[in-house]
Amino acid sequence: MSSDQVHLGHRARKRFGQNFLKDPYIIDGIVSSINPLPGQNLVEIGPGLGAITEQVGKLVDKFTVIELDRDLAERLENHPDLASKLTIHQGDAMRFDFTQLIKENNKLRIFGNLPYNISTPLMFHIFEFHKDVEDMHFMLQKEVVNRLAAGPGSKAYGRLTVMAQYYCRVMPVLEVPPESFVPAPKVDSAVVRLTPYETLPYPCTSLKWLDRVCREGFNQRRKTIRNCYKALFTAEQLEALGVNPGNRPENITVEQFVAMANWLDANYQKDAKA
């Protein structure tokens, strides 16, 4: 058993996408950016060996963790400093109903080192609860953080960008090199802060249509907008929505994607139900 796979007696499990933080400076930086305070409704996803959990536990007396790995959940249950502070949900965060953690006038503050293999679908799942979330701090592949924070016209701009920026302000916080982890991943990581809007700036009447226009556009990035959407819009209809049919989908702003989705929802309701 090689030492780079084993940390504090636990072998990292590939199927759970486990990489454990070990760099104290990085851990301090992450906890400082979260800034956990007593009385807040704090939730950690995937506490793992507790690198961040232990530091948060020094600052607050009660918080919640969601851990898929049964061995690691049990380890936290028996942790000398943390056991009395934690409410532990052993299970899959992708299927977790975050409404059960909602407290009156105390929105959720969610954080975690998300496994690379599920980070995008897990964020989509959490966005469903955006009205009850104060903020999120996630460690992700740096490439994913770049996609979350991208602007129109860049290669990183895509469906994840539009859906994240529809719900949240996105702020990259900290870069994390591979050697900060055991085992060291083959990619750079970064921490991002996602702050859901109190009031959505561009409310969408149908997330199904928003998802569809994003998928159809970004699956055909090299085509013009006119050609991507010819089954849904005429060039005149696009122009009426303020969208240049000669541009490419990666040039469409979040506001324009929402305008397109809302127009389709108003004009194609029969098709959407079919």
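**Figure 1. Buried residues of helix α6 in the predicted model.** In this predicted model, the residues of α6 that are buried are Leu160, Thr161, Val162, Met163, Ala164, Tyr166 and Tyr167. Helix α6 spans residues 159-167, and because seven of its nine residues are buried, the helix is largely enclosed by the rest of the structure. The elements that cover these buried residues include the helices α4 (119-127), α5 (142-149), α7 (207-218) and α10 (254-267), together with the strands β9 (168-176) and β11 (189-196).

**Figure 2. The contact between domain 1 and domain 2.** The domain assignment of the protein chain divides it into domain 1, covering residues 6-196, and domain 2, covering residues 207-269. The C-alpha centres of domain 1 and domain 2 are 33 Å apart, and the contact draws on 12 residues from domain 1 and 14 residues from domain 2. About 1100 Å² of area is buried between domain 1 and domain 2, and carbon and sulfur atoms contribute 65% of this area. On the side of domain 1, Tyr157, Arg159 and Val162 account for 47% of the area that this domain buries against domain 2, which is more than any other three residues supply.

**Figure 3. The largest nonpolar core and the surroundings of Phe98.** The largest nonpolar core consists of 57 residues, and Phe98 and Phe138 are the residues with the most contacts inside it. Domain 1 (6-196) and domain 2 (207-269) both give residues to this core, and the core therefore lies between them. When neighbours within four places in sequence are left aside, Phe98 is in contact with Val43, Ile45, Ile66, Ala93, Leu108, Ile110, His125, Ile126 and Phe129. As a general point, nonpolar side chains tend to be buried together in soluble globular proteins.

Figure 4. The model contains 11 aromatic pairs, counted as rings whose centres lie within 6.5 Å. In one of these pairs the ring centres of Phe96 and Phe98 are 5.0 Å apart and the ring planes stand at 80°, so the pair is edge-to-face. Phe96 and Phe98 are both buried. Trp263 and Tyr268 form a tilted pair, with 6.1 Å from centre to centre and 55° between the planes. Trp263 has a relative accessible area of 21% and is therefore partly exposed. Ring pairs also join Trp263 and Tyr268 with Trp209, Tyr229 and Phe233 in a cluster.

**Figure 5. Leu174 in strand β9.** Leu174 is a residue of strand β9, and because its relative accessibility is 25%, Leu174 counts as partly exposed. Not counting residues up to four places away in sequence, Leu174 touches Ile26, Gly29, Ile30, Ala190 and Val191. One of these residues, Ala190, is 16 residues from Leu174 along the chain, yet the C-alpha atoms of the two residues are separated by 5.5 Å.

Figure 6. In an unreviewed entry, UniProt places the feature "domain: Ribosomal RNA adenine methylase transferase N-terminal" at residues 26-198.

Technical notes:
Residues numbered from 1 in each chain as written. Predicted model: local features only at pLDDT ≥ 70, side-chain atom pairs only at ≥ 80, totals over all residues. Heavy atoms only, no water. Phe/Tyr/Trp six-rings, centres within 6.5 Å; stacked < 30°, edge-to-face > 60°. Buried < 20%, exposed > 50% of the residue type's maximum accessible area, 1.4 Å probe, protein only. Core = buried A, V, L, I, M, F, W, Y, C linked by side-chain atoms within 4.5 Å. Domains from an automatic or database assignment. Contact = heavy atoms within 4.5 Å. UniProt positions renumbered as here; feature names shortened; annotations may be inferred. Buried area = accessible area lost by both parts, 1.4 Å probe. Helix = DSSP H or I, 4+ residues; strand = E, 2+ residues; numbered from the N terminus.
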